[in-house]
Amino acid sequence: MTWLTQPLVLVAATLLAFEAGRCLKTWLPAASFIQPVWIAIAILLVMLKATGLSPQAYHSATSAFSLLLGPAIVALAVPLAQGLRETL
């Protein structure tokens, strides 16, 4: 196993790609089509293609990160739904 297939390296690459997308969105606020998630996907696709890492290897290395994101998203949805009810 090389250093590139280490889960911590790939999770860090994912977070850095998303942060790059956030920075790009901040620099170009008028460009509504620029979304951090889409930028992160593009960066990660280029990274996978450049390194020759298969999507299956990326998925297996970052599956724990994905497992933790599910409950976090649901936990964020609850306050958003409550705020929506209060504004309506």
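Student: Okay, helix axes are lines fitted to C-alpha atoms, over the stretch in contact, and angles run from 0 to 180 degrees between N-to-C directions. At what angle do α1 and α3 pack?

Tutor: About 75°, with their axes 9 Å apart. Keep in mind that this is a predicted model.

Student: What do you call two helices like α1 and α3, roughly parallel or roughly perpendicular?

Tutor: Angles of 65 to 115 degrees count as roughly perpendicular, and therefore α1 and α3 are roughly perpendicular to each other.

Student: Which residues meet where α1 and α3 pack?

Tutor: From α1 you've got P7, L10, V11, T14 and L15, and they meet Y58, A61, T62 and F65 of α3.

Student: Let's look at T62, then. Is it buried or exposed?

Tutor: T62 sits in helix α3. It counts as buried because its relative accessibility is 3%, and the cut-off for buried is under 20%. If you skip its neighbours within four places in sequence, T62 is in contact with L10 and V11.

Student: And A61, where is that?

Tutor: Also in helix α3. A61 has 14% relative accessibility, so it counts as buried. Leaving out neighbours within four places in sequence, its contacts are T5, P7 and L10.

Student: How many residues apart in sequence are A61 and L10?

Tutor: They're 51 residues apart in sequence, yet 7.1 Å apart in space, going C-alpha to C-alpha.

Student: L10 keeps coming up. What is L10 in contact with?

Tutor: Setting aside neighbours within four places in sequence, L10 is in contact with L4, T5, M47, L53, Y58, A61 and T62.

Student: Which residues of α1 are buried?

Tutor: L10, V11, A13, T14, A17 and G21. They lie on the same side of α1, because they cover an arc of only 160° around the axis.

Student: What's on the face of α1 turned away from the buried side?

Tutor: That face carries the exposed residues L8, L16, T26 and W27. The buried residues of α1 pack against α2 and α3.

Student: New topic: α2. Which of its residues are buried?

Tutor: In α2, P36, A40, L44, M47 and L48 are buried. Their arc around the axis is only 100°, which means they are on the same side of α2. Among the elements covering them are α1 and α3. On the face turned away, you'll find the exposed residues W38, L45, V46, K49 and A50.

Student: What follows α2?

Tutor: G52 does, and its phi is positive, near 80°.

Note on methods. Residues numbered from 1 in each chain as written. Predicted model: local features only at pLDDT ≥ 70, side-chain atom pairs only at ≥ 80, totals over all residues. Heavy atoms only, no water. Buried < 20%, exposed > 50% of the residue type's maximum accessible area, 1.4 Å probe, protein only. Helix = DSSP H or I, 4+ residues; strand = E, 2+ residues; numbered from the N terminus. Arc of directions from axis to C-beta. Contact = heavy atoms within 4.5 Å. Parallel < 35°, antiparallel > 145°, perpendicular 65-115°, else oblique.
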